[in-house]
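Please read it alongside the sequence and the structure shown here.

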Amino acid sequence: MQHAVRDTQSALGQSNGGIAGDQHAALDDHAVATWQVVREKLRAEFGATAYRYWLEPVALMAVEAGVARLGAPTRAMRDWVTQHYLDRIQNFWHAEDSDVHFVEINIVSGATAQNDASASGSSSAKSASANATTARAKSARTSHSPENNTVVSAPPQSNGSGRTAIASMSDDGISAALDPRYTFDNFVLGKPNEFAYAAARRLAEAESVPFNPLFLYGGVGLGKTHLMHAIAWHIRRTQPHRTVIYLSAEKFMYRFIRALRDKNTVDFKDQFRSVDVLMVDDVQFISGKDSTQEEFFHTFNALVDQGRQIIVSADKSPSDLEDIEERLRSRLGSGLVADIHATTYELRLGILEAKAERQGVELPQRVMEFLAHKITANVRELEGALNRVIAHSQLVGREIGLEMVQDILHDVLRASERRVSIEEIQKRVAEHFNIKVSDMHSARRARAVARPRQVAMYLSKQLTTHSLPEIGRKFGGRDHTTVMHAVRKIEELHGTDPSLCEDIDLLRRMLES
């Protein structure tokens with residue numbers, strides 16, 4: 001089933017059922033049949049409209065060495081299909097043909113593939129389904145190598161053009177797909193994330209377990225998921241014999257619920273307790289979910305006892321996670337805890353330069369400096385703004401300049417301008433309570449100073465995206481537990497002290513106006 005594509009950049013031409021015209025003869029019946037079945041499943045799941053616009057133009061180019069290669073006519077379509085449909089394509093394909101372990105999408109310039117709308121096409125699809133079923137039964141009798149059980153795959157080697165998108169698949173479908181962009185090479189390093197990066201790199205390169213677990217935490221869009229994907233890619237590339245599972249805490253919970261419903265908890269335990277590396281993203285999701293926490297706790301212990309690696313991420317440190325059992329919080333904090341701080345101007349500028357270079361776009365220095373200065377919330381928002389600017393320039397043909405950026409991003413810039421800083425909160429609260437701003441950083445404990453300081457900490461937690469440790473550092477280097485105590489204290493007083501409640505509401509209106 002190995003058929004090389006002579007030129008993936010050649011035009012797709014007129015196609016038959018999503019098979020590139022010049023490749024149709026080179027593909028065997030098994031590959032064609034499998035692709036037809038996958039297409040029908042995609043149409044049934046996503047509907048005729050989405051299928052017609054996004055999936056119908058995608059053509060089968062080749063199937064070789066366990067890789068199914070598809071062609072999309074444009075970069076935009078390649079990126080959209082990769083982001084929204086590649087997981088399902090790979091799962092459907094693997095269900096039909098277990099010998100195929102990867103699905104790869106390339107940009108293929110020229111005409112798009114056409115759907116088999118004719119009656120003969122419909123007949124062909126039925127025949128394809130039968131052929132694929134026969135092939136699947138045949139492959140079920142074939143033994144698989146140990147590597148087939150791994151759930152992630154090394155990212156494709158890029159030639160610098162960024163023209164390939166690839167995702168891994170697994171026999172059990174436990175692991176979420178990994179983003180091929182999220183590697184160590186693509187991670188922009190700066191002072192706010194250097195410790196977390198060093199810890200992730202050390203763990204990925206180690207043959208034994210250096211610290212267990214590695215707990216990454218920080219605000220939204222600061223790079224936690226990027227580092228977790230990078231670890232998985234690196235381990236799979238350098239230690240392919242190790243089994244890695246990456247998934248969100250939400251998916252872990254849903255799989256556990258399904259196992260309970262199907263009375264199949266034994267298989268569930270075997271799946272998660274037999275891996276070499278377990279990576280769970282956004283563990284704060286299981287807060288308040290006692291049964292899931294208990295199962296995760298026992299899975300955690302089983303893996304640690306076997307010397308297996310665990311990596312966890314959250315938006316808060318283990319000690320700050322609410323509605324999490326104390327024993328689980330203790331376990332999560334027993335390894336290495338790495339905080340990813342909010343981005344600095346220099347880091348944001350470096351990210352913009354790296355992203356623009358990767359997309360092959362030259363941005364004026366003034367534009368990058370403007371974006372780095374104005375959009376400070378998180379990296380995702382910064383990347384989203386950059387993508388909007390580039391897309392507008394390419395689609396409309398407008399030259400990128402400062403005036404154009406201000407026009408295109410007026411909503412984002414307005415939202416950013418309304419975002420409050422901790423320094424502004426400290427200044428406003430100090431003025432309102434008639435104390436000095438320096439008192440916010442001092443060690444004075446007099447009530448006349450301590451209460452306004454607690455109010456400022458409370459408002460910082462409510463009105464900014466900073467983590468508790470970050471807020472504490474802005475208040476004279478105080479510990480995050482001090483901030484947590486202040487927040488809880490003000491929350492209590494907010495419901496019992498009408499005067500303080502009025503002060504807080506007034507300050508909030510002033511800060512948000």
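Helix 19 gives 5 residues to the lining of the second largest pocket, the largest share. The model is a predicted one: local features need pLDDT of at least 70 and side-chain atom pairs count only at pLDDT 80 or more, whereas totals for chains, interfaces and linings use all residues. Residues are numbered from 1 along each chain as its sequence is written, and side-chain values use heavy atoms, with hydrogens and water left out.

**The second largest pocket**

- The volume of the second largest pocket is about 840 Å³; a volume is the space filled by probe spheres set on the grid points, which are joined across faces, edges and corners.
- A pocket is an open set of points on a 1 Å grid over the protein atoms alone, where a 1.4 Å probe fits, with protein on both sides within 12 Å along at least five of seven lines; lining residues have an atom within 4 Å of a point.
- The lining of the second largest pocket comprises 38 residues, and Ala342, Thr464, Thr465, His466 and Glu470 are those nearest its centre.
- Two or more lining residues come from each of strand 5 (214-218), helix 16 (410-418), helix 17 (422-433) and helix 19 (468-474); helices (H or I, at least four residues) and strands (E, at least two) are DSSP runs numbered from the N terminus.
- By residue class, the lining of the second largest pocket holds 11 nonpolar, 14 polar and 13 charged residues. Ala, Val, Leu, Ile, Met, Phe, Trp, Tyr, Cys and Pro count as nonpolar, Asp, Glu, Lys and Arg as charged, and the others, Gly among them, as polar.

**The chain as a whole**

- The protein chain contains 21 helices and 9 strands.
- Of its 513 residues, 50% count as buried; buried means under 20% relative accessible area, exposed over 50% and partly exposed in between (1.4 Å probe, protein chains only).
- Among contacts (heavy atoms within 4.5 Å) between residues at least 6 apart in sequence, 75% join residues at least 24 apart.

**The open sheet**

- Strands of a sheet pair through backbone hydrogen bonds, either parallel or antiparallel.
- Five strands form an open sheet in the order 6-7-8-5-9, with parallel pairing; two strands pair if DSSP finds at least two bridges between them.
- Strand 6 (244-248) and strand 9 (336-340) are the edge strands, each pairing on one side only.
- On average, neighbouring strands of this sheet are turned by 15 degrees against each other, direction ignored. Axes are lines fitted to C-alpha atoms, for helices over the stretch in contact, and angles run from 0 to 180 degrees between N-to-C directions.
- Strand 6 pairs with strand 7 (residues 277-281) in the parallel sense over 5 bridges, and tyrosine 246 stands opposite methionine 279 in strand 7.
- Strand 6 is largely enclosed by the rest of the structure, because 4 of its 5 residues are buried.
- Helix 6 (residues 194-205) lies across strand 5, strand 8 and strand 9, and runs at about 135 degrees to strand 9.

**The hairpin**

- Strand 1 pairs with strand 2 (residues 67-72) in the antiparallel sense over 5 bridges; the bridge partner of alanine 59 in strand 2 is glycine 71.
- The two strands form a hairpin with 2 residues between them, and alanine 65 in the turn has a positive phi of about 55 degrees.
- Because 6 of the 6 residues of strand 1 (residues 59-64) are buried, strand 1 is largely enclosed by the rest of the structure.

**Two buried residues**

- Serine 317, in the loop between strand 8 (309-314) and helix 11 (326-332), counts as buried at 6% relative accessibility.
- Not counting residues up to four places away in sequence, serine 317 touches Phe215, Tyr217 and His480.
- Valine 405, in helix 15 (residues 402-408), counts as buried at 0% relative accessibility.
- Leaving aside neighbours within four places in sequence, the contacts of valine 405 are Val367, Phe370, Leu371, Val389, Ile400 and Leu413.

**Backbone geometry**

- Most residues other than glycine have a negative phi, and most peptide bonds are trans.
- The peptide bond from asparagine 212 to proline 213 is cis, with omega near 0 degrees; proline 213 is in the loop between helix 6 and strand 5.
- Aspartate 282, although not a glycine, has a positive phi of about 55 degrees; at 33% relative accessibility, aspartate 282 counts as partly exposed.
- Asparagine 434, also not a glycine, has a positive phi of about 60 degrees and is exposed, with a relative accessible area of 70%.
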